[in-house]
Amino acid sequence: LSQPCRGIDGKSKEEHATKLKMICKDPSIRLFPLKAEVLLGNNTFKDGIVFSNLLNRSMPAAAKSCTNENNYGGIALWKAKNASEQDEILYKVWVNEKLPHPNILEQDEYWTIERAKRFVQDYVTKFRRYGEVYINGENLDELKECVDYAQKFNMKSVYLHINAWGGRYMPTDKDTYDLNPKLFPNGWDDFKELSNYAESKGMDVAIRTLSHNISLKNPKFCSRVPDDRLSHFWRGTLVNSIGPNSTEIIIKSDRTLPTSYGIRFFDMKSNERTHRCWVHIDNEILQYDGYKENEEDGTITLKVALGSKQKPIRGYGWTKAAAHHPGASVKILVGLFNDKVTADPDETLLDEVTQRYADFNNTMRLGNSNFDGIEIYLTCTAYGITTFPGLVYSKIDHPVACWTSNGPPKWGYFEQRMMHVQKELGLDRPTQLPDRMNFMIGLHQDFWLAPSPYGFTYCIVPNAVAGYFLCSIQAQSSFHELTLDIFKNFGLMDFYASSIQQWRQYGPMLSDKTKKRILSAYPQPGWGGWRYPIQDEHFRFQKAVVDSENACVDSDSKLEVIPFCPMRRKGKDRGWGYIQEHGPIYTYQYMRPNTSGLLQMKNPYHEQVPEITIRVMKDFNRTMLSKYLSEASFTNKNNDTANQNLYLDNTLEGISIEDNLQWILKDDMEWVLAPEEYNHNIMIPLDPTQRGVDPGQMELETNSKGANITFDNSNSNNEKAFDIEQRRQLISYKVDNVNIKNAKGLGIIITGDGSDALFVVRINGSGTRDFVVPIDFVGKRYIEIPDPQVSWSEERWPITKAWKRWNQGESSVSSIYVGFTTIPANTKSSVFVEGIEFLPEKMAVLQNPVIKSGMGDISISGTVPSDSYIWYKGGDKAKVYDLNWNEKDELSVKVTNAEVPSGLSDIRIENHNDDSGDPWLECQFFVRDKCIETVSVNSGAVGF
C-alpha cells in the first residue's frame, strides 16, 4: 500500500514511502509479529499486520551500530488444533525466533523452551490472586503504616501513583527517578526501605509511570546542550541567519527523514488539544505556533510562539536564545503533553532510558511494569509503543504484571499471550462485565458520598467469580490513594476487607449454575458501553443459619450465596453503574417524611421485610422563596381543583417538594435566579441579550416574569437527544464562582407542558453535576431537588464522565447550562421557568420514624439527626452511623406486618418531629432471594 508523506501541516503530499500490510481472512490462523516494528493492529485478524519499518527513517550513523536497518522483520503464522497446541507453538516461536525475554538467566544458563515454561509458571504462581491497594502518606512512616492497613485486604502489593513517589504527575525539571523528598528524603535508599518493609508483610510495591517521557526542562537530556537523540518527525537546516530575538525562522527539509507516519499532533489549527511544537536548532530549543510553506523554493517559514508578556519563547528550559547561521541543524520535536518528548525509537538513547527504567524496577523489586501515557511514543513512529516496552521487558529480572494506557503491551511480556495463562488469570473472562476488579473507598464529601455498604458487589463479585487475577482497592479521588485518614476513619473498612477476601477465595469455586446467574446480572450497557454495564442484581456471602439445640445460630463453617437487589421503580431508578475515577454509583431514592413516599417499588423475590439504609440529610431554609410563594389558606389541594397545579407538588416522586408545606405559587413576581440578599445568588437572568449568555440549540424568549425555553422536534420521527458534553447545546451563561457548599439543593419554579422531555440544570465549576426534571406534568410546579447526586439514580439520564471529579474542599459554580436534553419524536417541548434557586441547608432530625411498608410498619425508637445513616438489617435493632459509617448508636425497632409483597408496593416514612422541619432522606430498600448455594469454609467444598 502506498503511504503518502505528511508535510509539516499534516496534509497529504507526494508519495514518499511504502507501507506493507498483510491481512489474513481465516480467523483460525494465528498471526504473530517477530519484531517490534511489525505491528498487529489491535490484536484482531481483520486489522492485519503492518510492516512499519518499511518507512525507513534513514537512521543516523549513531543508531546504525545497534540496529540492522535492512531487517524489516517477519511474522509467524500457524493453525493450532486446540489451546494446548497454540501455546506449544508460541513457546517455540518465542525461543527459536529469539524474541525478547526477561533478563532472568543465570551464568551459563540458556533461554530454552523448558526455561521459558518455568518462568511462565513462576509468573502464574505470583499473579494468580494478585491484588493491590493504592496508598499515599505524609512521610515514609505513614506509608509503612498504610502497608499495615493494606495487609487486612490480603493483597500482594501496595501501589504508589506518580504524584506520591515522584511528587509530581508530569516530568518536570527533575530526572524521572528523582523521588518525592517528602516521602523519600534519602532517595532510592528510602524507597528500598519501603520495598523491604512491604516484603516483610508478604507484599511488593508497584508504581504508576508515564513511560519515561522527557520534559524539555530535564537537566540530563535537555541541558544547555540538548541531547541530539530526542524524538522528532522532521529534520533539515536553517536557511537564513537569525538573532537571539528573531520571531521568524526559515528552514528547509534535508529529506532524509520521511514524515510518513500520519499523525496530526503538530497541526495546531486542526487539533483541539494543546500539543506543542518545538524546534531544536543547534543548542537551542524554541517553540513555534504558526508556519507557511513556500512552494516556490520548498522552504518553510516558522512563526515563533509568544509567551507571557508577548515575549518570544526562545531558549526554552536550560537552553539559551542565540544567533544561528545558515546550514544550522534543525529538528522539529513534538510535545504530546505540552513540553514532553521521548527518546527517539531509532536512537541509542532509547536503550539508555529503558535501562534506567529497568534499574529502578529491579532494585526495588517492583511488582509491576507500568506504561501509562505510552501514546507519546506515537509522535514520530508507529512502532514507538512497541519498541519501548519491549526493551524494558528484556532488562527486567523478575516476573512483573504489565499494562499500558493502551491496553496490554503490544510487544514483549509474551507470557500474557499464553492461552493457559489467560485462563488461569481470568484474562479470558466474559466481556460484558465491569472492566476492572476494583473498589473505591472514600470519606464523605458534599459532592462525593462515602460508598454504599454493598458497593463492593459491583466490580469485585463478578470478576472474582470469573477468576480474574488483579484486584485493586483504591480511593474515591483523582489519584485513587488511600491515606491514613481514610484507613482510620472509614467505619466499614474491616467489613469490606472480609467480604472481598471471601469472594476472591470462594467465588471461583462456585457451581457453573451460580456463576451463570452472577455473570448475567449486567443486562445493559452503561458508562463506556459494556466496559461498565448496569447491574440489576447483587450477590453477597452470609453465614449459614443452622439449628443448634433447637436454636438458630450462625454457622462459622458454611457461607450462603444470597442474591439481593435494591427495590426500584420502573422507568425511574437505574441499576448500579460506574464512573471512572469515582467507582460504583448506587441506586438511591429521595423523599421527605410525611409525604406520599415512593410509589410502585418492585420486589422481584418473595414477601419479606426489607433491609434498609437511610441517610438523614438536611432540610432547607426556604424563606428566600417568599417572593415566589405565599402561604395558603388551606392545605388540602384536592379541595380546590382549579388551583391544584399551583401547590407545591410531590407527583414526581422523590425529586419534588412535599405537599404539606402550606404554600402556593405567586403569579406576580419579577424573575431572577436568586434574590439579591441571598449569599448563594446567581443573579443573572436567562436573557439572550445579556453578555455571556449563549442560547445554544434552544429557543429562548424572556420577559419580566421568566424565560420560555423551547425545542421543536415536531417534524422528526426520531427522538432528539443532545450530547451535552458537546459545546453550544444548552443555554449557557457564566456566574461569579458561586459557593454552594452549604446550599446543594435546587428549587425550580417551572411550568410544564406534559411532553415527557427531559429538562436539566447543569452546574460546572469545582466539578460537574446535573439536576434533572422530567417534564411529565402540565401546569406550574415548584420542583425541589435535594442533592446534585439525585440524577445519578435517574434511569432516563445517561451516566457521564463529566461527573467523575469534584475538587475536594471546594463547591464553587462558575457556569450553568439549562435546557432540554431529550425530546420525544414528533414533539415540540416548551417550559416557562420563573425561578431557579440554590437552597441553604439547615439541620433537622428524624424523630421516632415509622417506615410504612406492606400492610404494616417498622417503628424505630429514637432521634437521628441530619448527617447520619440508619442501617436496619432485620430483627429488633437498627444501628446509627455517621457519614463515614462509624457506628454511633443502636435503636430499638418494632416490626408489625411490614413485609413488602412480591411485585409492586409503596413505601413511605413518617416523622414525629415536634419541629416543623423535616429532613430529606436518601434511601435504599434491599430485598433478597433465597440461598442459591452454600460453601464449606473449612474444606473449600461447595454444596447445595
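Colleague: Which residue is the bridge partner of K852 in β53?
Modeller: R908 is the partner of K852 there. This is a predicted model, so bear in mind that local features need pLDDT of at least 70 and side-chain atom pairs 80 or more, while totals for chains, interfaces and linings use all residues. Numbering starts from 1 along each chain as its sequence is written, and side-chain values use heavy atoms, without hydrogens or water.

Colleague: OK. How many bridges join β47 to β53, and which way do they run?
Modeller: Four bridges, antiparallel, with β53 spanning residues 903–910. Two strands pair if DSSP finds at least two bridges, and strands are DSSP E runs of at least two residues, helices H or I runs of at least four, numbered from the N terminus.

Colleague: And which way does β47 run against β48?
Modeller: Antiparallel too: β47 (850–853) and β48 (856–861) are joined by four bridges.

Colleague: What's going on in the hairpin of β47 and β48?
Modeller: There are two residues between the strands, and G854 has a positive phi near 60°.

Colleague: Switching topic: what's the strand order in the open sheet of five?
Modeller: β10-β9-β8-β22-β21, with parallel pairing.

Colleague: Why is one side of β10 and of β21 left without a neighbour?
Modeller: Because β10 (204–207) and β21 (437–441) stand at the edges of the sheet, each has a single partner strand.

Colleague: How much does the sheet twist from one strand to the next?
Modeller: The average is 25° per step between strands.

Colleague: Zoom in on β10. How is it joined to β9?
Modeller: Through four bridges, with β9 covering residues 157–160 and running parallel to β10.

Colleague: Now helices. How do the axes of α6 and α7 sit relative to each other?
Modeller: They come within 9 Å and cross at roughly 45°. Axes are fitted to C-alpha atoms, for helices over the stretch in contact, with angles from 0 to 180 degrees between N-to-C directions.

Colleague: Where does each helix lie in the chain?
Modeller: α6 takes in residues 188–200, and α7 residues 349–364.

Colleague: Which residues make the contact?
Modeller: On the α6 side you have W188, F191, K192 and S195. From α7 come R356, D359, F360, T363 and M364. Contact here is heavy atoms within 4.5 Å.
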